[in-house]
Structure formats: structure tokens, C-alpha cells
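Subject: Structure handover

Hello,

Here is the structure I said I would pass on. Please look through it first, then read the notes below it.

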Amino acid sequence: MINVGLNGFVRIGRAITRIMTQSSDFNLKVVNDLEPDVSNLAYLLKYDSIYGKNQVPIEVKEKNLKLGRNDIQFCAEEKITDVPWRKFDLDLISSKILWAFRNYSSVRNKMKLNHFLISRDRVYKNYIKFIKN
């Protein structure tokens, strides 16, 4: 099983979350998003205007979210380097934030992380970069 952390829970982060909950290969462990209200994020995940209603059971527990078999902890750190990624024993971090390009190597080195996925939306020409040590 691949343990995953997401930096950003907007359109791409929620789409990745939906895909991961449909596969037994992934375990989403932590999400970092500037929105500290996990109830609001759960609502946005459950009732998506593009993908429709999410059929996976969603339960909010304080700053955590139970999504199907995944227990997801949420953080609200502005800098990707301030998130305690290492404590989650992650195999992969996915991030859409542009400054992740500048900081990814320091995060990767700090965590001894093997994989980092960076994506941009249509404004930035649909760019996805997969970085592997």
C-alpha cells in the first residue's frame, strides 16, 4: 500500500482523493490545506459540482476525516516545509502549489521521501511532474 500526503485540497486534490478511495493500493494519510474548517472541506468533497455526489462514506472527527477506510488528518500550514510530513511515514506527496517547485527538494531531503508529484491546473497549461529519487 502506498501512503500518500496531499498539499492542497482544491479541485485537483479532491479529484485525487476520489481516485485513491476507489483503490486499495493507496492510503491517504494527511492533507494540508489553508482552509482550517474540515467540515467545509468534507462538504466540498461530498458534493462536487463536476464529479457529482461522492458515494464513499464521509465522517468528520475534529481535525480529521474518515473517508471510507482512510483516516485522514488535516493540517493548515502555509508553507509545505512546516507540515509534519515525516510523522506519517509517507511514500508520496502530491502538491499543486507553485512554490512547491522551489521547496520540493528541501522537503524531500528532510523526509528522505522517494516520490513527489507536482501538478498545475489549466491556467498553467496542465502540467504534471513526477519526481523520483
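**What was found**

Two notes on reading the values. This is a predicted model, in which local features need pLDDT of at least 70 and side-chain atom pairs count only at pLDDT 80 or more, while totals for chains, interfaces and linings use all residues. Residues are numbered from 1 along each chain as its sequence is written, and side-chain values use heavy atoms, with hydrogens and water left out.

**The chain as a whole**

The protein chain has 133 residues, and 41% of them count as buried. Buried means under 20% relative accessible area, exposed means over 50%, and partly exposed is in between (1.4 Å probe, protein chains only). The chain exposes about 7,900 Å², with carbon and sulfur atoms supplying 49% of that area; the areas come from the Shrake-Rupley method with a 1.4 Å probe, and for residues only the protein chains shown count as cover. Among contacts (heavy atoms within 4.5 Å) with a separation of 6 or more, 55% join residues 24 or more positions apart.

**Helix α1**

Helix α1 covers residues 11–21. Because 8 of its 11 residues are buried, α1 is largely enclosed by the rest of the structure. The buried residues are Gly13, Arg14, Ala15, Ile16, Thr17, Arg18, Met20 and Thr21.

Take methionine 20 in this helix. Its relative accessibility is 5%, so methionine 20 counts as buried. What does methionine 20 touch, not counting residues up to four places away in sequence? The list is Val4, Leu6, Phe26, Leu28 and Arg69. Methionine 20 and isoleucine 2 are 18 residues apart along the chain, and their C-alpha atoms are separated by 10.0 Å.

Arginine 14 also belongs to helix α1. Arginine 14 is buried yet has no salt bridge, a salt bridge being a side-chain nitrogen of Lys or Arg within 4 Å of a carboxyl oxygen of Asp or Glu. Its nearest side chain of opposite charge is aspartate 48, 4.1 Å away; in this count Lys and Arg are positive and Asp and Glu negative, while His and the chain ends are not counted. A polar atom of the arginine 14 side chain lies 3.0 Å from the backbone oxygen of phenylalanine 9. Leaving aside neighbours within four places in sequence, arginine 14 is in contact with Phe9, Leu44, Leu45 and Asp48.

**Salt bridges**

How many salt bridges are there by this rule? The count comes to 2.

One joins the side chains of arginine 11 and aspartate 48, at 2.8 Å from N to O. Arginine 11 lies in helix α1 and aspartate 48 in strand β3 (residues 47–48), so this pair ties together parts that are 37 residues apart in sequence. Arginine 11 is partly exposed, with a relative accessible area of 34%, whereas aspartate 48 is buried at 8%.

The other joins lysine 66 and aspartate 71, at 3.7 Å from N to O. Lysine 66 counts as partly exposed at 24% relative accessibility, and aspartate 71 is exposed at 52%.

**Nonpolar cores**

A nonpolar core is a set of buried Ala, Val, Leu, Ile, Met, Phe, Trp, Tyr and Cys residues joined through side-chain atoms within 4.5 Å. The largest one has 17 residues, and those with the most contacts inside it are Leu6, Phe9, Leu28, Val31, Leu65, Ile72 and Phe74. Two or more residues of this core come from each of β1 (2–7), α1, β2 (26–32), α2 (38–46), β6 (64–67) and β7 (70–75). The largest share, 4 residues, comes from α2. Apart from this core lies another, of 8 residues, among them Val30, Cys75, Ile80 and Trp85.

**Two loop residues**

Glutamate 62 sits in the loop between β5 (58–61) and β6. Its phi is near 55°, a positive value in a residue other than glycine, and glutamate 62 is exposed at 78% relative accessibility.

Aspartate 89 is in the loop between β7 and β8 (92–95). Aspartate 89 has a positive phi of about 50° although it is not a glycine, and it is exposed, with a relative accessible area of 54%.

Regards

Definitions and conventions. A polar contact is a pair of N or O atoms within 3.5 Å; within protein, one must be able to donate a hydrogen and the other to accept it, and residues adjacent in sequence count only if both atoms are side-chain atoms.
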